[in-house]
Amino acid sequence: MSRKLNKCFSIADLREAARRRIPAPVFHYMDGAAEDEVTLKNNRNAFDQYQLVPRVLRDVSKVDTSTTILGQTSNLPLVLAPTGMSRLFHYMGEDAVSRAANKAGLIYSLSTMSTFSIEEVAAMTTGPKWYQIYVWRDRELLKSFIERCRDSGYKALCLTVDVPVFGQRERDMRSGVTIPPELTLKSIFDTLMRPQWLWQYLTSPRMELANVRGHSSVSNDAFVLAEYTNAQFDPSVNWDVAEWMVKQWGGDFAVKGILSKEDALRAVDIGATAVIVSNHGGRQLDHAPASFDILAEVVDAVNGHAEVILDGGVRRGTDVMKALALGARACMIGRSYLYGLGAGGGPGVDKALGLLGDEIKRNMALMGVTSVNELDSSYLRRID
């Protein structure tokens, strides 16, 4: 591990290391959110409304951080969230991330917009994998995704439901990371000032959206294919189509992008086995509720009929503990591991997962908790 990674003691440190290593337009694509980024900020601030209440004089010589998520054993109550076009941040992209997840004993969720294919990622490790999917206009394409995932041994499908249209990500618009790209002189200069990233980008295989490779008559270039995939998003989609997908898959199915108890109940009604409370990292509807603020009411509404996973703003092990205390089965992390990827590729992702794992274990001991299953609301105090 590089000296720079050794000096990273938190996810915030990895964020700063990534900011220094990758071009500003790429960093802002990773780091930014919609419009005024109010939801992005609230995702972090929501955790500060609760304090942890420790229990003392308990034997914490052995602390077990493991759990099960949709029947799959996980060394930590974490799932690596789907993130698109990961090779923008490091030339190894999803290869590095999936291997780090496997090494840490965690579930990796591959994005539809990945730069390695369903089959390629399946062959990289034997670790459990989910596939994130959208509802596209081309239903035959959706069927092919489902069949490919089944043939490749993916354990669950994860349907993202909060992108009927794209949110306006103004950081990207200012830096020119749009489709097609319109880089500014400042952005080009900043990229030239990151020679290591630029060299790796230029000398590695051309970046593609691997899962839709060959499904379009246009070029396989990632940005050209992105235009094709953007046209596939269907704003008329409804719950009937989601239910059709549940039946097509016939296995564990997570619905990601839930921010109300009504939608959580509807997801359970159509057969979802997991509900992911998420606002897309603040990248879609600005001024939407923080995911953590909605968690408790979704847990209460679902009432054990599906597992509830929190996605949004998780940067510390204590964030995970608070979510579990409010009833979440696990937390999804996206930016947290992407900062590691941007800072140092596979070793950077290892570092991010190691930091979070150490924080969870250490703070469980400080809380007097020896198993994640012990955490409940009695360990929390809300700040009035």
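Q: In which helix do Arg-150 and Glu-147 both lie?
A: In this predicted model, Arg-150 forms a salt bridge with Glu-147, and the closest N and O atoms of the pair are 2.6 Å apart. Arg-150 and Glu-147 are three residues apart, about one turn of the helix, and the helix that holds both is H7 (residues 139-152).

Q: Are Arg-150 and Glu-147 buried, partly exposed or exposed?
A: A residue counts as buried under 20% relative accessible area and as exposed over 50%, with partly exposed in between. Arg-150 has a relative accessible area of 34%, and Glu-147 has one of 38%. Because both values fall between the two cut-offs, Arg-150 is partly exposed and Glu-147 is likewise partly exposed.

Q: What distance separates the end C-alpha atoms of H7?
A: Helix H7 has 14 residues, and at 1.5 Å a residue these should span 20 Å. The distance between the end C-alpha atoms of H7 agrees with that expectation, being 20 Å.

Q: What arc around the axis do the buried residues of H7 cover?
A: The buried residues of H7 are Leu-141, Leu-142, Phe-145, Ile-146, Arg-148 and Cys-149. They lie on the same side of H7, because the arc that they cover around the axis is only 165°.

Q: Which exposed residues does H7 carry on the face turned away from its buried side?
A: The buried side of H7 includes Leu-141 and Phe-145 among its residues. On the face turned away from that side, the exposed residues are Glu-140 and Asp-151.

Q: Which strands make up the closed barrel?
A: The barrel is closed, is built of eight strands and has parallel pairing. From one strand to the next, the twist averages 25°. The order in which the strands run is E4-E5-E6-E7-E8-E9-E10-E11.

Q: Which residue in E11 is the bridge partner of Leu-78?
A: Strand E4 (residues 78-80) and strand E11 (residues 330-333) pair in the parallel sense over three bridges. Within E11, the bridge partner of Leu-78 is Cys-331.

Q: Which residue of E5 does Val-79 stand opposite?
A: Strands E4 and E5 pair in the parallel sense, in this case over two bridges. In strand E5 (residues 107-110), Ile-107 and Ser-109 point one way and Tyr-108 and Leu-110 the other way, and all are buried. The residue of E5 that Val-79 stands opposite is Ile-107.

Q: How many of the residues of E7 are buried?
A: Ala-156, Cys-158 and Thr-160 point one way from E7, whereas Leu-157 and Leu-159 point the other way. E7 is largely enclosed by the rest of the structure, because the number of its residues that are buried is five of the five.

Q: Which residue in E7 is the bridge partner of Tyr-131?
A: Strands E6 and E7 pair in the parallel sense over four bridges. In E7, the bridge partner of Tyr-131 is Leu-157.

Q: Is Asp-311 buried or exposed?
A: Asp-311 has its place in strand E10 (residues 307-311). Beyond its neighbours within four places in sequence, Asp-311 is in contact with several residues, including Ala-81, Lys-256 and Met-332. At 7% relative accessibility, below the cut-off of 20%, Asp-311 counts as buried.

Q: How many residues apart are Arg-171 and Asp-31?
A: The side chains of Arg-171 and Asp-31 meet in a salt bridge, at 3.1 Å from N to O. This pair links distant parts of the chain, since Arg-171 is in helix H8 (residues 170-175) and Asp-31 is in helix H3 (residues 24-31), and the two are 140 residues apart.

Q: Why is H3 described as largely enclosed by the rest of the structure?
A: In H3 the buried residues are Pro-25, Val-26, Phe-27, Tyr-29, Met-30 and Asp-31, and Asp-31 has a relative accessible area of 4%. These buried residues pack against several helices, among them H2 (11-21), H4 (38-45) and H16 (335-367). H3 is therefore largely enclosed, because the buried share of its residues is six of the eight.

Methods: Residues numbered from 1 in each chain as written. Predicted model: local features only at pLDDT ≥ 70, side-chain atom pairs only at ≥ 80, totals over all residues. Heavy atoms only, no water. Pairing = 2+ DSSP bridges. Axes fitted to C-alpha atoms, helices over the stretch in contact; angles between N-to-C directions. Salt bridge = Lys/Arg side-chain N within 4 Å of Asp/Glu carboxyl O. Buried < 20%, exposed > 50% of the residue type's maximum accessible area, 1.4 Å probe, protein only. Expected span 1.5 Å × (residues − 1). Arc of directions from axis to C-beta. Contact = heavy atoms within 4.5 Å.
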